[in-house]
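Hi,

Here is the structure I promised to pass on. Have a look at it first, and my notes follow below.

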Amino acid sequence: MKNLWSLLTVLSVVVFSMCFTSCGGDDSDDGGSSGLNGYYIEGGLYTNTDFKNDNVWWNMQISKEAAEYYGNTLTFTLFDSNGHFFPRSSDGGYLWLEYEPTFLRVDDNCIYSYSGISLYQLGASGTRGRELLYKFDAGEYGTLGFYGFPDNIYVYTRDGNRLIMDVGDGKHTNTFVITDGGLVLSGGGSYTKYNPNTTY
């Protein structure tokens, strides 16, 4: 009887361990510059300069100048009551951020692709239930963050400097090539590795 309990204990540990081998591998790499595991943003790092160079700023300036030409005063509200970046003008118009970032996270077994990416004031009420993916200094507007949902999860296998990702149908794959600064999707864009704990 003692041997039976010992055997059942060993089997329980083995089964328990197997439950964690598909996704959610070692995340010891916190998204820094070394190692494969961590967070990636499509293109280069996004900064305050990129934010202010977005077409939304140009459109705001043009709108203000047009209003002044007609003798009107036009003001803008950039955030809604939930802290979501959603610029609206006092005449009822609205603008939107041209930049639409794509984020990935890699662990030992899976690649996580994020949906519902939105820009918020850091820690605002509207971010509840969303993961903070990237933050940057927006100058007079404080620290802003891109938030999203990690609801697309893909298993990959590694072959040298390539990650071969099953897109989910069991027939087709995407391939990422590992580079010094991040990942390059075969036939697609490049992804720069970054640290989500850093304010850019």
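How many aromatic pairs does the count come to? The rule takes rings of Phe, Tyr and Trp (its six-membered ring) with centres within 6.5 Å, calling planes under 30 degrees apart stacked, over 60 edge-to-face and the rest tilted. By this rule there are 20 aromatic pairs. Tyrosine 120 and tyrosine 147 form an edge-to-face pair, because their ring centres are 5.8 Å apart and their planes stand at 85 degrees. Tyrosine 120 belongs to strand β5 (residues 110–121) and tyrosine 147 to strand β7 (residues 143–159), so this pair ties together parts that are 27 residues apart in sequence. Helices (H or I, at least four residues) and strands (E, at least two) are DSSP runs, numbered from the N terminus.

Before you go on, please note that this is a predicted model: local features need pLDDT of at least 70, side-chain atom pairs count only at pLDDT 80 or more, and totals for chains, interfaces and linings use all residues. Residues are numbered from 1 along each chain as its sequence is written, and side-chain values use heavy atoms, with hydrogens and water left out.

Both tyrosines of that pair are buried, tyrosine 120 at 7% relative accessibility and tyrosine 147 at 5%. (Buried is under 20% relative accessible area, exposed over 50% and partly exposed in between, with a 1.4 Å probe and protein chains only.)

Next, the cores. A nonpolar core is a set of buried Ala, Val, Leu, Ile, Met, Phe, Trp, Tyr and Cys residues joined through side-chain atoms within 4.5 Å. The largest one has 27 residues, and Phe51 and Phe136 have the most contacts inside it. At least two of its residues come from each of β1 (38–42), α3 (55–69), β2 (76–79), β5, β6 (131–137) and β7. A second, separate core has 12 residues, including Leu36 and Phe176.

Now helix α3. Which residues of α3 are buried? They are Val56, Trp57, Met60 and Ala67. Just after α3, glycine 71 takes a positive phi of about 80 degrees.

Enjoy exploring!
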